[in-house]
Amino acid sequence: MSMPDTSVPRRLLLGSTAAAAAGGLLTGFGTGRMRAQAATTEQAPTGPGFRSFYGQYQSGIIDDQQQHAVFVGWDLNWREGSKKQQLQALLQMLSDDAARLMSGRGVLADTEPEMALPPSELTLTVGLGQSLLDVTGYGKVGAMPAFAGDELKEQYPQSDLLIQFCSQDPTVLHHAVRAVSKNLRELTSQRFVQTGFMRPMPGKETFRNLFGQVDGINNPADQVREQAVFGDGQNSWIPNGTTLALRRFEMDLDRWDEVDVAGRDFALGRRQSDGSPLSGSSIDDAVDLSAENELGLPSIAANAHVALAKPGHGGETIHRRGYNFDDGQHSGLLFASYQRDARSSFIPVQHRLAAADALNTWLTPVGSALYAILPGIAEGGYLGQQLFG
Amino acid sequence: MRHRATVAFGVPAPRVRTPRKLETMKTKMTTSLLLGSALLLTGCAQSTDASSQSPAASSSAEQKSTQAQGLTTSDTWAKAAESGMSAAFGTLHNTSDIPLELHRVTNAQGDEIQLHEMTGSGQNMSMKELEGDLVIAPGADVELAPGGNHLMFMDLKKPLVAAQTTTLTLEFSDGSSTNVDFAIRNFDGAKENYDEHAGH
C-alpha cells in the first residue's frame, strides 16, 4: 500500500479554463438549435494519490484498502412521477459527484472545493439495496437474512442506497461525505453513518482489529480475489458488479480483557502475537484443520473462528474489506465483504459462524445489510446506466 | 460562501425587463447549418450582423461563425427551488475571436430570467440587473457564481428539482442562440432577497 501523495497533477491547476478551451469541436446539436458544449469530458487525473472513478469495476472494492472509511446509507424520498427517472437522475448526480471528488475537484455547488485536494486515494463506491433494484426491474441480490445472535439496532438498518467512502485522509473523507450528503438532502433521508479506521501491517493487506487479532490473513489475492468478487461475467447479479455484505459487530472488550492469551488464540485458531495458525508456525502457513497437537487433539478446535470461516468450497470465497470502529460508546468491527453472490458465499459462511463461532461470546451483531454494487463505467457514462436500458 | 443572507441588498424592486425585439426568424438555424458550420470555428471575422445568419447564406463552410458557436460552458448548475426565485451559475467561455454579447436568457416554460451583476464589496454588496449585454471577450471566461454575476429566475413556473437538469437558451446579440444544460443542485447560499422592502 502506498502512502498518500500530496503532489497535485499540473492538469488540475489549470482549472476549468484550460479544460473548456481544450474542449474541441462542438457536439450534441439539438433540433434547430445548437447546444453549447459542456466541458465535462475533462480527463481524470492519474498517478499516486488518485484512484480512477472510471473503469471496468468501481474503485474501492478489489484495490488496496485505504485507512479510513465512512459507510453512509440513505432511503429515497420519492416525488410524484416516475421513480425510475428519479433514481436515474440521482445516479447521474452521484456519478458526477464521485468523478469530481476522486479527481480532487469539488462537486457542483460545493462551498469548500479546496478541501477535495489532494484526494488521498479517495474512492466512492455506490451500491443499491434490493428495493432500488426493484424500481429498475433489473437484478436480484435479495435481502440479508437474520442470523443467530443478531441484536440489530434501529440505527443500522438496511437502506435503499449505500456509498462506501474511503481515503487515506479523514479530512478529505469528511468533505466528500458532506458534499454528497448535501446534494442528496431532500431527495433522501439519511439512515446511518458508520465510520471506520484501520492501519495496514507492513507489507501485508492485513490490520489489527480491536481484539488485537491480525485480520484479513486469508483474504484472496489477485485473480482469485477478482473471480470471487466479480466472477466470470455470468455468475454475478450483473457483469462487473458485485455485492457488499455490511455487518456491524460490537466487541465486548471488557470481557475480552479477562481472557488469557491461550484462550484468545484457541477461540480464533490463530496466535494473536503474529497471526500464525495454531496448526503452523508462520502467518503464511495454511490453516490445517487435520493437524493435531502433542496430546493428539486437533490443533485448531472445530468451533474456532478460522475453522468455521474457512470456505467450504471455492464458491464460498469472499473478499473482506472491513474496518475497526469506535463510536464513543461502543467499539468493534465494521465487517464489509465483497462477493459476487452473497447467497452462495457470505450468507452460508455467516450462518456457520453465527451458530458456533467461539468468538461469538464477545461479539454482538447490531447492524446488517446487503447491497448490489454497481458495475464500473467508462468516461461519459453514469453508474447504474445498465439498469435503465 | 462569499456572501450570506445578512448582506444588505439595497436594490429597489426588480424592473420587469421588456424583452427587446429580436428578429427571431433569423435565429432559427437548421441542424444541417450547424453541422456544416461547426466544422470550422476558427478564423471568423468579427460580425454582429444578424442578417448574415440566414440559413441560405450559412450553408457554405466559409460562413462566418455566429456568437453562439463560440460558446463553451463548464460546471453549469442551478439552485434547486420549489417556486419563487432561483439562480443559475457556471463558466461561460468564448472560444472565438469575436466578443460574445449575451443578450437574453429564456427557457421552455417561459420563466423570466434576468442577467444580474453584483456590485460593491464586503457587507455592502448589492445586486442589480445588468445594463445591456453580458460581454465575453474573445478567449475569455465569464464566471457566473454565487456572490457574482449570475442568471436569475424571477418567479419559477415549475420547480427546479435537485439532481435533475434544466435547459436554458442563451441568446446573443447577433440573434444566434444555444441551449445549455444546468444540473440542479441543493444550495443554501445565494439567498439574495429581491423583495422591494428588503433593507428598508
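This is a predicted model: local features need pLDDT of at least 70, side-chain atom pairs count only at pLDDT 80 or more; totals for chains, interfaces and linings use all residues.
Start by selecting B:Gln114: its bridge partner in strand S8 (residues 150-156) of chain B is B:Met152. Residues are numbered from 1 along each chain as its sequence is written, and chains are lettered from A and ligands numbered from 1 in the order in which they are written.

**Stop 1: the strands around S4(B)**

Now widen the selection to S4(B) and S8(B), which pair in the antiparallel sense over four bridges. Pairing here takes at least two DSSP bridges between the strands. On to strand S5 (residues 126-129) of chain B: S4(B) and S5(B) also pair in the antiparallel sense, over four bridges. Pick B:His116 and you'll find B:Glu129 of S5(B) standing opposite.

How many residues of S4(B) are buried? Five of the seven, over residues 113-119, so the strand is largely enclosed by the rest of the structure. (Buried means that 20 or more other C-beta atoms lie within 10 Å of a residue's own; exposed means 12 or fewer, partly exposed is in between, and the C-beta atoms are placed from the backbone.)

**Stop 2: chain B as a whole**

Zoom out and colour chain B by secondary structure: there are two helices and ten strands. Along the sequence the pattern reads α-α-β-β-β-β-β-β-β-β-β-β. Of its 200 residues, 40% are buried.

Next, colour by pLDDT, the predictor's confidence in each residue, from 0 to 100. Chain B averages 74, and 62% of its residues score at least 70. Select residues 1-62 of chain B, where the pLDDT is below 50; this stretch has 101 contacts in the model beyond near neighbours in sequence. (A contact is two residues with C-beta atoms, placed from the backbone, within 7 Å.) Residues 193-200 of chain B stay under 50 too, and the model has ten contacts for them beyond four places in sequence. For the complex, the predictor gives an ipTM of 0.85 and a pTM of 0.82.

**Stop 3: strand S5 of chain A**

Hop over to chain A and select residues 161-167. Seven of the seven residues of S5(A) are buried, so this strand is largely enclosed by the rest of the structure. In a regular strand the side chains alternate between the two faces of the sheet. Here A:Leu161, A:Ile163, A:Phe165 and A:Ser167 are buried on one side, with A:Leu162, A:Gln164 and A:Cys166 buried on the other.

Which strands does S5(A) pair with? Strand S3 (residues 68-76) of chain A pairs with S5(A) in the antiparallel sense over seven bridges, and A:Gly73 stands opposite A:Leu162. Strand S4 (residues 123-128) of chain A runs antiparallel to S5(A), joined by six bridges; A:Val126 has A:Ile163 as its bridge partner.

Stay on A:Phe165 and show what it touches: leaving aside residues up to four places away in sequence, that's A:Ala69, A:Val70, A:Val72, A:Leu124, A:Leu173, A:Ala176 and A:Val177.

**Stop 4: the largest nonpolar core**

A nonpolar core is a set of buried Ala, Val, Leu, Ile, Met, Phe, Trp, Tyr and Cys residues joined through C-beta atoms within 7 Å. The largest one has 122 residues, and A:Leu101, A:Phe165, A:Ala176 and B:Leu151 touch the most other members. Helix H2 (residues 83-102) of chain A gives the most to this core, with ten residues.

**Stop 5**

Select helix H9 (residues 346-356) of chain A, where A:Phe346, A:Val349, A:Gln350 and A:Leu353 are buried. Look down the axis of H9(A): the buried residues fall within an arc of 95 degrees, so they line one face of the helix. (The arc is that of the directions from the helix axis to the C-beta atoms.) Their cover includes S9, helix H8 (305-309) and S12 of chain A.

Finish on helix H5 (residues 222-230) of chain A, with A:Ala228, A:Val229 and A:Phe230 buried. Just after H5(A), A:Gly231 takes a positive phi of about 65 degrees.
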